[in-house]
Amino acid sequence: MTSDSAVLDDRYGRRRPGRRLLLIGVSVAFFVVFGGWLAWVMWDSSTPEVESDLLAWEVVDDHSVTARVDVRLRDRNVEATCKLRAYAEDHTNVGELSFAVPGPDFDEDGPIEVTIRTERMATSVERIGCTTPTQKRPR
């Protein structure tokens, strides 16, 4: 007579005990690598090299607008480039200005005031954002 387990092994085959352990190990390794990558992406996205905010803007005349921009650098040695855009009443782009924020010479205590030359009267100013050589997404 044969035992029940021998009959079942003949009918369905025997599982190798190491296969389940290998699957658990590969799964844990995958989740550790994925979790590390996710933590790195979250940290890198939450600590940009440069951030900016448009504080105020004022129409000076038909061909110029002044804007005050607050720029925050993570490291004073980083050189950033910021971009602003001026729009007319009909929402057409009438002026654009890219300006460099000098790294070591930049005084973080106050906002930067710049003048945008326009083709005609501007009614609004948009902050596109600031970038660095390693941070391509404007912020």
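Two strands count as paired where DSSP finds at least two bridges between them, and strands (E, at least two residues) and helices (H or I, at least four) are DSSP runs numbered from the N terminus. The views show a predicted model, in which local features need pLDDT of at least 70, side-chain atom pairs count only at pLDDT 80 or more, and totals for chains, interfaces and linings use all residues. Residues are numbered from 1 along each chain as its sequence is written, and side-chain values use heavy atoms, leaving out hydrogens and water.

**View A. Strand 2 and its pairing partners.** Strand 2 (residues 64-73) pairs with strand 1 (residues 50-61) in the antiparallel sense over ten bridges, and a hairpin of two residues joins them. Ser-52 has Val-71 of strand 2 as its bridge partner. Strand 2 also runs antiparallel to strand 5 (residues 112-117), with six bridges; here Val-69 is partnered by Ile-112. Seven of the ten residues in strand 2 are buried (under 20% relative accessible area; exposed is over 50%, partly exposed in between; 1.4 Å probe, protein chains only).

**View B. Met-42 in helix 2.** Met-42 is found in helix 2 (residues 17-46). Its relative accessibility is 54%, so Met-42 counts as exposed.

**View C. The loop residue His-91.** His-91 lies in the loop between strand 3 (80-87) and strand 4 (93-101). Its phi is near 70°, a positive value in a residue other than glycine. Most residues other than glycine have a negative phi. His-91 counts as exposed because its relative accessibility is 68%.
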